[in-house]
Amino acid sequence: MDLDEQERGDLYEAVEDIKSAIYNQLVKEKFFPKNPGSVRNFYKGVGAAALFTMNLPLLISVMIFGRIMPIKTLAGAIAANVAKSLRNFLTSQERQLAFQAKNQIFFEKLLPYAIAFGVEKIWAQRFKDIEIRPPDWYEGQNVSAFTAVYLTSSLHSSFNQLGTASSSPTTSSSGFSSGFSGGSSGGGGGGGGGGSW
């Protein structure tokens, strides 16, 4: 996905607008008392000030705890536990999936959650020996060799390209910035899924 600087800037702004809308909705639905993105940005500012003043203990504290500072409400904590339970199910139900894996709808229905939790490769492995047809929405080049593993690999590659293309055109390369790089894309958990949950 080759984009010029203007297109990258536009895509970055669109992604930031979507994240902001998601965070605002989480507050509106009372999963968080305050916007998690705003709370994290506050601690990024504190970290930048600590870096500027060479306050090493404060900088280390902010880098360790800044991402997890957005607190959840009771409803948010319950929803987070449900999400964690679903993630555990996606990664640990090998024996019980022996009969369920024959149902393609089951695979497709839970695939978005597996992607959000960053466990889509594990989920696809459960279906590697099951014949799966390409979903109606899928358009790929190698449909004849289509498998669950092939699908998730293609989606993973596409999301990585989108993530790279939508990164800030003016992203800092300092160690402080990279300390906060995870946990802001979307509202899921795990790698690439975000620290909100």
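Author: Start with the elements: helices (H or I, at least four residues) and strands (E, at least two) are DSSP runs, numbered from the N terminus. This is a predicted model, where local features need pLDDT of at least 70, side-chain atom pairs count only at pLDDT 80 or more, and totals for chains, interfaces and linings use all residues. Residues are numbered from 1 along each chain as its sequence is written, and side-chain values use heavy atoms, leaving out hydrogens and water.

Reader: How many helices and strands does the chain have?

Author: Nine helices and zero strands. From the N terminus on, the order reads α-α-α-α-α-α-α-α-α.

Reader: Where does Lys30 lie, and why is Lys30 called exposed?

Author: Lys30 sits in the loop between H1 and H2. The cut-offs are under 20% relative accessible area for buried, over 50% for exposed and in between for partly exposed (1.4 Å probe, protein chains only). Lys30 has 59%, so Lys30 is exposed. Its phi is near 65°, a positive value in a residue other than glycine.

Reader: What makes Met54 exposed?

Author: A relative accessible area of 69%. Met54 lies in the loop between H2 and H3. Its phi is near 60°, positive in a residue other than glycine.

Reader: Is Asn35 buried or exposed?

Author: Buried, because its relative accessible area is 15%. Asn35 lies in the loop between helix H1 (5-28) and H2. Asn35 touches Ser20, Tyr23, Asn24 and Val27, not counting residues up to four places away in sequence. Contact here means heavy atoms within 4.5 Å. Asn35 and Asn24 are eleven residues apart in sequence and 6.2 Å apart in space, C-alpha to C-alpha.

Reader: Why does Ala165 count as buried?

Author: Its relative accessibility is 5%. Ala165 belongs to helix H8 (residues 148-165). Ala165 and Asp4 are 161 residues apart in sequence, yet 9.4 Å apart in space, C-alpha to C-alpha. For the chain, buried residues make up 28% of the 197 residues. Among contacts between residues at least 6 apart in sequence, 66% join residues at least 24 apart.

Reader: How many aromatic pairs does the structure hold?

Author: Two. In one, the rings of Phe42 and Tyr43 have centres 5.1 Å apart and planes at 85°, so the pair is edge-to-face. Here are the cut-offs: rings of Phe, Tyr and Trp (its six-membered ring) pair if their centres lie within 6.5 Å, and planes under 30 degrees apart count as stacked, over 60 as edge-to-face and the rest as tilted. Phe42 is exposed at 52%, while Tyr43 is partly exposed at 22%.

Reader: What makes the pair of Phe89 and Trp123 tilted?

Author: Phe89 and Trp123 have 50° between the planes and 6.4 Å centre to centre. Phe89 is in helix H4 (residues 74-92) and Trp123 in helix H7 (residues 120-125), so the pair ties together parts that are 34 residues apart in sequence. Phe89 is partly exposed at 22%. Trp123 is buried at 0%.

Reader: At what angle do H2 and H3 pack?

Author: Helix H2 (residues 36-52) and helix H3 (residues 56-65) pack at about 155°, with axes 8 Å apart. That makes H2 roughly antiparallel to H3. The classes are roughly parallel under 35 degrees, roughly antiparallel over 145, roughly perpendicular from 65 to 115 and oblique for the rest. Axes are lines fitted to C-alpha atoms, for helices over the stretch in contact, and angles run from 0 to 180 degrees between N-to-C directions.

Reader: Which residues in H2 meet which in H3?

Author: Tyr43, Val46, Gly47, Ala50 and Leu51 in H2 meet Leu58, Leu59 and Val62 in H3. By class, this contact of H2 with H3 has seven nonpolar, one polar and no charged residues. Ala, Val, Leu, Ile, Met, Phe, Trp, Tyr, Cys and Pro count as nonpolar, Asp, Glu, Lys and Arg as charged, and the others, Gly among them, as polar.

Reader: Which residues in H4 meet H6?

Author: Ala83, Leu86, Arg87, Phe89 and Leu90 in H4 meet Phe106, Leu110, Tyr113, Ala114 and Phe117 in H6. The contact of H4 with H6 has nine nonpolar, no polar and one charged residues. H4 and helix H6 (residues 104-117) pack at about 115°, with axes 10 Å apart.
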